[in-house]
Amino acid sequence: MSDKPSKVWYAAANATNWTESTIAKAKDLFYLAGLDKCIEKDDSVAVKVHCGEWNRTHCLRPEFVAAIVEEVKACGGKPFVTDTTTLTYHLFNNRCTGQMLVEGANRHGLNWASLQAPFIVADGFFGEDDLRVELPEGNIIKETYIGRGLYEADAVINLAHAKGHPITAFGGCIKNFGIGAQSKRGKYQTHLAFWGDPEDAIGYPKVNKEGCKGTECPYAKMCEDSCPESAITVAAEGVELDYEKCALCYSCQVTCMFTGMEGIGFRDDYFPLAQIAMSDAALGCMKTFKPGKIGYMAYAVDICPECDCFPWGGLPVSGDVGVFASKDIVAIDTAVCDLIDKAKVYPGSRAEELGLKPGEDKFKAVNAFTPRIQLKAAEKIGMGTMNYELIEYEPELNPENIAKWQIRKTPMTVRPMRQVFENHHVGREFPFNREDLGGWLNKWKDFDPTA
Ligand code: SF4
Ligand code: SF4
């Protein structure tokens, strides 16, 4: 660990006035953390988000993204909002091609109308528009492939949604680059598809014949149909997988695991290895930018155990924690994990079912491995430090701060509302009849069943 802590700016989620809106605080943190310094006039600035799977309900809301787009513009940059296609697909995946990704982003409200900036698929129509980055310093992977839209941008704001992930335990800024900036070829790297033989079951699906109900499984047909290479056969005795045909698309694991079945999955130590590979790949994305051209932000809200790539959103592990900004990718993810762990568990959530107390590692408990593996791996290859100084920010309530992030700088009561009132009242009939109160000042109590 570095002796010198990296600064992480943080504003808590709670809000009781204009200045404490999560959006207002995110805009303040953008400047306090110096992210404006990443942008020069006319820079093409990528705002990297996870745009969420179809029917996902807990991903970044468009106004959270628009808030940052607005400040990129205010700094003279030319923003575009971006994400990449998925490697995995299955029968109902909706982000496998560029066209599907744009449809899904649009359904989540990430479009020109809400963002006032284009939404661009960084790796093209089929996830093949990429550039290779060598990673001799990588812990596991030695090359990766970055979506050209990110590779070619002058600057980037890595705008993460903090949440869990069943493979990588946690998804923050490292995952937003380590998976989210990679083209399909890059995602093969991070999923360790090139590693080992089928029996190692690292890149390859792990078949657990005893866990498969064979033709009795209600998803047996889906399971066979989901394989694009016809490598899967389900017989009465269980599933057979022809590794000669397998193209490592991860469709079968998704079908089996998303339906709660146990016939095909991953070997246990695939998960920590995938975290380490993901950190390597995140460095690949960072290397495509000149020094000082990357800023990191994270919204720790709607903190579900699963990632935004899941087509649902269950109860979060904790209540909303807040918003973070930093110039250090490792420091920001470490701070986010620490503060999520510190938070009270959400009533009715899996974290509560597991009996977790504030301070315990929530993502380790709900997803099997600690997310600190990716942080330590990233630190080891010089991406940043887990040693951070948390600077808590509470905006001061004063007239200037109230006005700062409003759509109109001139209060409505001055213009045009004064005009509207004058138009209605001057020289016109009053628009309604004035009635006597008729004792109603006390009568409302008759409607209060708790009185
Ligand atoms: S067997 Fe291979 S090709 Fe077929 S769905 Fe599974 S991972 Fe994809
Ligand atoms: S979904 Fe899983 S349990 Fe069902 S048939 Fe396929 S491998 Fe077997």
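Hi everyone, let me start with burial: 48% of the 451 residues in the protein chain are buried, where buried stands for 20 or more other C-beta atoms within 10 Å of a residue's own, exposed for 12 or fewer, and partly exposed for anything in between, with C-beta atoms placed from the backbone. Please keep in mind that this is a predicted model, in which local features need pLDDT of at least 70 and side-chain atom pairs count only at pLDDT 80 or more, while totals for chains, interfaces and linings use all residues. On labels, residues are numbered from 1 along each chain as its sequence is written, and chains are lettered from A and ligands numbered from 1 in the order in which they are written.

Now the overall picture. The protein chain has 17 helices and 16 strands; these are DSSP runs numbered from the N terminus, with helices being H or I of at least four residues and strands E of at least two. Along the principal axes, the C-alpha atoms fill a box of roughly 85 × 55 × 40 Å. Of the contacts in the protein chain with a separation of 6 or more, 74% are between residues 24 or more positions apart, a contact being two C-beta atoms, placed from the backbone, within 7 Å.

How is the protein chain divided into domains? Domain 1 covers 6–193 + 269–392, and domain 2 covers 206–265; the bounds come from an automatic or database domain assignment. Taken over C-alpha atoms, the centres of domain 1 and domain 2 are separated by 31 Å. Eight residues from domain 1 and nine residues from domain 2 make up the contact. On the domain 1 side there are five nonpolar, three polar and no charged residues. For these classes, Ala, Val, Leu, Ile, Met, Phe, Trp, Tyr, Cys and Pro are nonpolar, Asp, Glu, Lys and Arg are charged, and the others, Gly among them, are polar.

Next, the cores. A nonpolar core is a set of buried Ala, Val, Leu, Ile, Met, Phe, Trp, Tyr and Cys residues joined through C-beta atoms within 7 Å. In the largest one, with 106 residues, Val47, Ile68, Ala282 and Phe324 touch the most other members. Helix α10 (residues 270–286) gives this core its largest share, ten residues. Another core, of 13 residues, lies apart from it and includes Ala220, Cys227, Ile232 and Leu241. Back to alanine 282: leaving out residues up to four places away in sequence, alanine 282 touches Ile174, Phe177, Gly178, Ile329, Ala378 and Met383.

On to the ligands. Which residues come nearest to ligand 1? They are Cys227, Cys246, Cys249, Ser251 and Cys252, out of 15 around it, where near means a C-beta atom, placed from the backbone, within 6 Å. That shell has twelve nonpolar, two polar and one charged residues. Around ligand 2 there are 14 residues, and Cys212, Cys217, Cys223, Cys256 and Gly263 come nearest. This second shell has ten nonpolar, three polar and one charged residues, and α8 (220–225) and α9 (251–258) each supply at least two of its residues.

Six of its eight residues are buried, so α9 is largely enclosed by the rest of the structure. Those buried residues are Ser251, Cys252, Gln253, Val254, Thr255 and Cys256, and they pack against α8, β11 (232–235) and β13 (264–265). Just after α9, glycine 260 takes a positive phi of about 80°.

Two other residues have a positive phi without being glycines. One is serine 230, at about 50°, in the loop between α8 and β11. Is serine 230 buried or exposed? Serine 230 is exposed, because it has 10 other C-beta atoms within 10 Å. The other is asparagine 55, at about 70°, in the loop between β2 (44–48) and α2. Asparagine 55 counts as partly exposed, because it has 13 C-beta neighbours inside 10 Å.

Last stop: glutamate 360, in the loop between α12 (350–353) and α13 (362–367). Its C-alpha atom is separated by 40 Å from that of cysteine 246, 114 residues apart along the chain.
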